[in-house]
Amino acid sequence: MRAAVLHKIGQPLVIDDLPMPEPGPGEVLVRTKACGICATDLHILAGWGYQPRLPFVMGHEPAGVVHAVGACVTGFAPGDRVAPNIFYTCGNCRYCRTNRETLCTNLGGILGVLEHHGAYADYFKVPARQLFHLPAHVSFADGAVIADAVVCAMHALKQRARLYPGDWVLVIGLGGVGLSVLQAARAAGAHVIAIDISEVKVTQARQMGVTALLFADSQEVAEQIRATTGGEGVDVVFDCHGSEQTIAQGVKALRKNGRLVIIGYTQETWPLAPQWLSRFELEIVGSRSGGRQDTVDAIDLVAGKQWQSIVSDFFPLEQINDALALLKSGKALGRIVITVDEG
Ligand SMILES: [Zn+2]
Ligand SMILES: [Zn+2]
């Protein structure tokens with residue numbers, strides 16, 4: 001089968017011919033239809049964050065069709081349309097047993113990120129316990145972004161932000177995750193303000209009916225946010241970028257007892273001002289992707305009538321390096337998706 005292989009950090013991926021993966025007991029072999037690309041891929045390529053053993057096949061945001069099932073697999077058959085949860089969890093530790101699967105003590109890897117080859121290939125395999133059916137009316141491209149972008153958004157929103165209807169929300173960064181958070185928060189009954197450094201993305205968000213501002217780490221933007229929220233600030237900030245500037249702006253935007261949820265990350269740090277946290281009882285929490293419950297919620301959101309596709313660009317597998325370059329440029333208006341098999 002064809003696969004885009006990472007042989008060396010900092011080097012372009014190479015399309016190689018690899019043997020077909022064989023589904024073992026409990027595993028399902030999936031023919032890849034589409035796979036989203038994500039900033040985590042750029043981090044891996046740059047050699048920081050997750051460090052899979054090389055050579056490695058990335059691709060952690062796929063959807064496809066079941067090709068074959070291993071022994072003992074029930075509930076899936078060839079031809080089924082599917083999307084995975086990408087975390088290889090143990091199912092037994094205290095975190096797995098309490099619906100906090102991405103914190104699994106015995107994490108066995110992440111599809112396309114760590115230990116397990118991903119879906120920048122004609123086929124990928126995954127344990128059946130991590131696989132979910134995709135409704136017939138959800139396209140493979142929209143189904144692909146569920147595995148990472150939308151799962152991230154649902155986990156941050158439901159498990160970490162504990163959002164209530166009527167809350168004011170600020171979404172910082174309008175990439176794939178930000179656009180998913182924005183829609184999830186609206187569907188949950190929140191008022192949403194979005195900010196981004198890209199004028200085009202801000203305009204696009206306004207067309208989606210959201211109050212959107214151009215990002216700047218400035219008092220002016222903080223005041224605009226306060227004015228929009230009746231002088232109070234927002235209940236929840238979702239920082240989908242995670243730089244010193246965005247965290248600082250996020251904290252400035254919070255109302256008393258507000259909560260900053262950090263989803264995205266960079267290598268930057270932020271000097272913490274304990275005075276602000278204690279005086280205004282602010283909360284800063286992190287959010288890591290999502291478990292199987294979040295995958296179910298994400299599929300429901302994408303299959304719902306309100307969902308607007310976040311996919312902006314398509315590339316065939318052979319042009320994956322161009323797709324990664326577009327992501328790095330910051331010019332894509334939404335998620336970039338690799339189409340692997342359109343037949
Ligand atoms: Zn990702
Ligand atoms: Zn576990």
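Modeller: A residue is called buried if 20 or more other C-beta atoms, placed from the backbone, lie within 10 Å of its own, exposed if 12 or fewer do, and partly exposed in between. Alanine 303 has 16 C-beta neighbours inside 10 Å, so this residue counts as partly exposed. The model is predicted: local features need pLDDT of at least 70 and side-chain atom pairs count only at pLDDT 80 or more, while totals for chains, interfaces and linings use all residues. Residues are numbered from 1 along each chain as its sequence is written, and chains are lettered from A and ligands numbered from 1 in the order in which they are written.

Alanine 303 is found in helix 10 (helices are DSSP runs of H or I with at least four residues, strands runs of E with at least two, numbered from the N terminus). Leaving aside residues up to four places away in sequence, alanine 303 touches Pro135 and Val138 (contact means C-beta atoms, placed from the backbone, within 7 Å). Serine 139 is 164 residues away from alanine 303 in sequence, yet their C-alpha atoms are 9.6 Å apart in space.

Helix 10 (residues 292-303) also packs on helix 4 (residues 146-161), at an angle of about 105° and with the axes 8 Å apart (axes are lines fitted to C-alpha atoms, for helices over the stretch in contact, and angles run from 0 to 180 degrees between N-to-C directions). That angle makes helix 4 roughly perpendicular to helix 10 (65 to 115 degrees; under 35 is roughly parallel, over 145 roughly antiparallel, the rest oblique). On the helix 4 side the contact is made by Ile146, Val150, Val151, Met154, His155 and Lys158, and helix 10 contributes Asp294, Thr295, Asp297, Ala298, Ile299, Leu301 and Val302. These contact residues divide into 8 nonpolar, 2 polar and 3 charged (Ala, Val, Leu, Ile, Met, Phe, Trp, Tyr, Cys and Pro are nonpolar, Asp, Glu, Lys and Arg charged, the others, Gly among them, polar).

Now the wider setting. The domain assignment gives domain 1 (2-145 + 310-339) and domain 2 (151-286), with bounds that come from an automatic or database assignment. The C-alpha centres of the two domains lie 28 Å apart, and 9 residues of domain 1 are in contact with 8 residues of domain 2. The side of domain 1 that touches domain 2 has 5 nonpolar, 3 polar and 1 charged residues.

One of the bridge pairs links alanine 3 with aspartate 16 of strand 2. An open sheet of 3 strands has the order 2-1-4, with antiparallel pairing. Strand 2 (14-17) and strand 4 (56-57) are its edges, each pairing on one side only. The loop between helix 1 (39-46) and strand 4 holds proline 55, which is joined to leucine 54 by a cis peptide bond with omega about -5°.

Glutamate 115, in strand 8 (residues 115-116), has a positive phi of about 70° although it is not a glycine. Glutamate 115 is partly exposed, with 15 other C-beta atoms within 10 Å. Glutamate 281, in the loop between helix 9 (274-279) and strand 16 (283-286), has a positive phi of about 50° and is exposed, with 10 such atoms within 10 Å.

Note on methods. Two strands pair if DSSP finds at least two bridges between them. Two residues are in contact if their C-beta atoms, placed from the backbone, lie within 7 Å.
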